[in-house]
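Reader: I have a model to go through with you. Please set each label against its cut-off.

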Amino acid sequence: PVEFAVLAYLAAVPGGAPPAACAKALRLDRTQVSDLLTVLSARGFTTRGRDADTAAITDEGRRAFTHAQAPCCGLFRR
């Protein structure tokens, strides 16, 4: 759920955002967001700018975020 929230925030901010802004918006600790961004970056879902001053969602991250929004949609057929 927290990873989803970080991806949702980054998906809504064109061009990325500072990790501190993400932490403030989500009411999370800055260290927690930094750790989450490291994990998400390792999975290819986010990128970090120079000196880790900006984080942005990648195309792969956007696909994962979109998929996570409706995991059960494929179960229902008309």
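**Labels and cut-offs**

Author: Glu3 counts as partly exposed, at 28% relative accessibility. This is a predicted model: local features need pLDDT of at least 70, side-chain atom pairs count only at pLDDT 80 or more, and totals for chains, interfaces and linings use all residues. Residues are numbered from 1 along each chain as its sequence is written, and side-chain values use heavy atoms, with hydrogens and water left out.

Reader: Why is Glu3 called partly exposed?

Author: Buried means under 20% relative accessible area, exposed over 50%, and partly exposed in between (1.4 Å probe, protein chains only). Glu3 has 28%, so the label is partly exposed.

Reader: What makes Glu3 and Arg43 a salt bridge?

Author: The term requires a side-chain nitrogen of Lys or Arg within 4 Å of a carboxyl oxygen of Asp or Glu. For Glu3 and Arg43, the closest N and O atoms are 3.3 Å apart. The pair therefore qualifies. It links distant parts of the chain: Glu3 lies in helix H1 and Arg43 in the loop between H3 and E1, 40 residues apart. Helices (H or I, at least four residues) and strands (E, at least two) are DSSP runs, numbered from the N terminus. Arg43 is partly exposed, at 48%.

Reader: How many salt bridges does the structure hold?

Author: Two. Arg63 also pairs with Glu60, the closest N and O atoms being 2.9 Å apart. Arg63 and Glu60 are three residues apart in helix H4, so about one helical turn separates them.

Reader: Why is Arg63 called exposed, and what is the label for Glu60?

Author: Arg63 has 51% relative accessibility, so it counts as exposed. Glu60 has a relative accessible area of 37% and is partly exposed.

Reader: How do you know that Thr58 is buried?

Author: Its relative accessible area is 18%, so the label is buried. Thr58 sits in the loop between E2 and H4. Leaving aside residues up to four places away in sequence, Thr58 touches Gly44, Phe45, Thr46 and Thr47. Contact means heavy atoms within 4.5 Å.

Reader: Which residues of H1 are buried, and why do they line one face?

Author: Val6, Leu7, Tyr9 and Leu10 are the buried residues of H1 (residues 2-12). Seen down the axis of H1, they fall within an arc of 160°, so they line one face of the helix. The arc is that of the directions from the helix axis to the C-beta atoms. Their cover includes helix H2 (19-26), helix H3 (30-42), strand E1 (46-48), strand E2 (55-57) and helix H4 (59-69).
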